[in-house]
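Hello,

Here is the structure I said I would pass on. Please open it first, then read my notes below.

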Amino acid sequence: MKKKDKDRLLLAEGMGKFARIREGSGNDEGPDNCALCEEYFDDGKCNGCPIMDKTGLVRCLDTPYPAWEEHQSIEHDSDFKDMRIYDDCPQCKALSMKEFNFLAALFSEL
Ligand SMILES: [Zn+2]
């Protein structure tokens, strides 16, 4: 499989993860349930990840992800292993939507 095709599949999995979060049936366990991290994240590096190719930065910096993570930690005491939409929180909904849209935009660019 060409890298581009593989990356599209991995991004689609990431979109699915955030779609399930938005439906209330899924959660975010950080790199532990990210298809892209499973493929590319290694010892703090993201070599080959299409998100890093886009931003030039590791660990999804300069994407909507850090704001989602920060909100989960500050508002919901998340330990980064069970990030989800808590208590119908509008901020959780908005931030998870931004992440979904970011992944979808990158998917369409590949
Ligand atoms: Zn929230």
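This is a predicted model: local features need pLDDT of at least 70, side-chain atom pairs count only at pLDDT 80 or more; totals for chains, interfaces and linings use all residues.

**Helix H1**

Which residues of H1 are buried? They are Asp7, Leu10, Leu11, Gly14, Lys17, Phe18 and Ile21. These residues cover an arc of only 105 degrees around the axis, so they sit on the same side of H1. The general rule behind such a pattern is simple. An α-helix has 3.6 residues a turn, so residues three or four places apart point the same way.

The face of H1 turned away from its buried side carries the exposed residues Asp5 and Glu23. The cover over the buried residues of H1 includes helix H2 (35-40), helix H3 (50-55) and helix H5 (90-109). Just after H1 comes Gly24, with a positive phi of about 85 degrees.

**The whole chain**

Now step back. The protein chain has five helices and zero strands. Along the sequence, its pattern reads α-α-α-α-α.

With 110 residues, a compact globule would have a radius of gyration near 13 Å; the protein chain has 13 Å, which agrees. The C-alpha trace spans about 40 × 25 × 20 Å along its principal axes. Of the 110 residues, 29% count as buried.

Take the contacts with a separation of 6 or more: residues 24 or more positions apart account for 56% of them.

**Helix H5**

At 1.5 Å a residue, its 20 residues should span 28 Å; the end C-alpha atoms of H5 are 29 Å apart, which agrees.

The buried residues of H5 are Cys92, Leu95, Ser96, Glu99, Phe102, Leu103 and Leu106. They cover an arc of only 110 degrees around the axis, which puts them on the same side of H5. These buried residues pack against H1, H3 and helix H4 (65-76). On the face turned away from the buried side, H5 carries the exposed residues Pro90, Ala105, Ser108 and Glu109.

Look at Leu103, which has its place in helix H5. Leu103 counts as buried because it has 26 C-beta neighbours inside 10 Å, and the cut-off for that is 20 or more. What does Leu103 contact, leaving aside its neighbours within four places in sequence? Its partners are Leu11, Gly14, Met15 and Phe18. Asp43 is another matter: Leu103 and Asp43 are 60 residues apart in sequence and 23 Å apart in space, C-alpha to C-alpha.

**The core**

In soluble globular proteins, nonpolar side chains tend to be buried together. Here the largest nonpolar core has 21 residues. Those touching the most other members are Leu36, Tyr40, Cys46, Cys49, Ile51, Leu103 and Leu106. Which elements give two or more residues to this core? They are H1, H2, H3, H4 and H5. H5 gives the most, with five residues.

Not counting residues up to four places away in sequence, Leu36 touches Leu10, Gly14, Cys49 and Ile51.

Is Ile85 buried or exposed? It has 21 C-beta neighbours inside 10 Å, so Ile85 counts as buried. Ile85 touches Ile21, Arg22, Gly24, Cys92, Lys93 and Ser96, not counting residues up to four places away in sequence. Asn27 lies 58 residues away along the chain, yet the C-alpha atoms of Ile85 and Asn27 are separated by 8.0 Å.

Asp87 is exposed, with 7 other C-beta atoms within 10 Å. Asp88 is exposed, with 8 other C-beta atoms within 10 Å. The cut-off for exposed is 12 or fewer.

Most residues other than glycine have a negative phi. Phi of Asp87 is positive, near 50 degrees. Phi of Asp88 is positive too, near 60 degrees.

Best wishes

How values were computed. Residues are numbered from 1 along each chain as its sequence is written. Helices (H or I, at least four residues) and strands (E, at least two) are DSSP runs, numbered from the N terminus. The arc is that of the directions from the helix axis to the C-beta atoms. Two residues are in contact if their C-beta atoms, placed from the backbone, lie within 7 Å. The radius of gyration is taken over C-alpha atoms; the globule rule is 2.2 Å times the number of residues to the power 0.38. The expected span of a helix is 1.5 Å times one less than its number of residues. A nonpolar core is a set of buried Ala, Val, Leu, Ile, Met, Phe, Trp, Tyr and Cys residues joined through C-beta atoms within 7 Å.
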